[in-house]
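Please read them with the structure open.

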Amino acid sequence: MGCGGSCGASAKSVYVPPPQNGKESQGKAEGRAVFFDMKHSNNAARIRLWLRHKTGMEDLVEVRTLTYADLKGEEFAKVNPLGKVPGLVRADGVTVFESYVILKYLEDKYKDIGPTFTPGNLEAWCLMEQMIRCHDLYVASPNCTAPGFSHSQGAMYLSYGFHGEARGMDLQTRAAKVLELWKQLSWLDANLVGPYLAGDVVSLADFTWFPTTIFMEFMLPRVFGWPDVFRETEGPLPKLAKWWTFISEEPEFKKVRAEIYEFWQEMEEKGQFKHIIDEVAADASGLKFKYP
Ligand SMILES: N[C@@H](CCC(=O)N[C@@H](CS)C(=O)NCC(=O)O)C(=O)O
């Protein structure tokens, strides 16, 4: 699906959501954009990181944290017809979805306030865009909204056993997606500049990749027996580990890591990963899940 019908300024796409919990938010709601977030969403967390790095955003962007049930409701469909976070209602009431678009919009819209996170140097910009594109196309988006399709990252946590027919996948598909994760992490390791992904300063690429690495940090060792590729600075992805161990000590990244990690701990207790671990252990066909 393209931008038509939801990203433009047509009358249909204008949606002014009611104040949260039916309360006025201290007189600041008027004229503020509204960002729709979900605690464990990696795609939404890139916007959360941006908001927390920027100064003065509380006065310009209201944050509403949704539950999974909220995503599938009629009200939220007016913000994102795909029923996914993140979503944004701009200060002018027009709705926007797709994390990349929201991030770029906010970055440009508020470029004169506080720091910006887009390198001014064309080559660094190009690398940043390449990193984000690889993340979005090959790791974090299914590119099809029909039941039965999932992103590569879903190989780590979606299963027929836990989610049912619409969101699970067969073992061969899972193995192919896990290989994709390995390929993309290897590419990132080979191409990142340091200390941040695209160079000397934090950029939209760091905001995009970091939340997804928390899914990976949590699941790849537990579910598929990978080494701790994000901490082993002498290990299989040394540059990536150097970046990750450095950036995860920065307060805003640390906070996002804790939020996402905590959610997955809860889900582990609920048995989310057990089905996948059992399926992989029972495979007699020699599929590969553990990398390198
Ligand atoms: N390409 C979209 C992906 C959004 C996405 O997959 N969001 C997830 C959370 S990270 C979601 O809302 N999933 C709920 C669902 O698909 O039912 C983006 O970058 O915004």
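1. Helix α1 (residues 42-53) lies across β1 and β2 and runs at about 130° to β1. Helix α4 (residues 99-109) packs on the sheet, where it touches β2, β3 and β4, and its direction makes about 120° with that of β4. Touching means heavy atoms within 4.5 Å; angles, from 0 to 180 degrees, are between N-to-C directions of lines fitted to C-alpha atoms, for helices over the stretch in contact. Helices (H or I, at least four residues) and strands (E, at least two) are DSSP runs, numbered from the N terminus.

2. This is a predicted model: local features need pLDDT of at least 70, side-chain atom pairs count only at pLDDT 80 or more, and totals for chains, interfaces and linings use all residues. Residues are numbered from 1 along each chain as its sequence is written, and side-chain values use heavy atoms, leaving out hydrogens and water.

3. The open sheet has four strands in the order β2-β1-β3-β4, with mixed pairing; two strands pair if DSSP finds at least two bridges between them. β2 (61-65) and β4 (95-97) are at the edges with a single partner strand each, so one side of each has no neighbour in the sheet. β1 (residues 33-37) pairs with β3 (residues 87-89) in the antiparallel sense over three bridges, and leucine 88 in β3 is the bridge partner of phenylalanine 35.

4. Which residue has a side-chain N or O atom 2.6 Å from an oxygen atom of the ligand? That residue is tyrosine 68. A polar side-chain atom of lysine 72 lies 2.7 Å from a ligand oxygen atom. Polar contacts here are pairs of N or O atoms within 3.5 Å.

Note on methods:
Polar contact = N/O pair within 3.5 Å; in protein donor to acceptor, adjacent residues only side chain to side chain.
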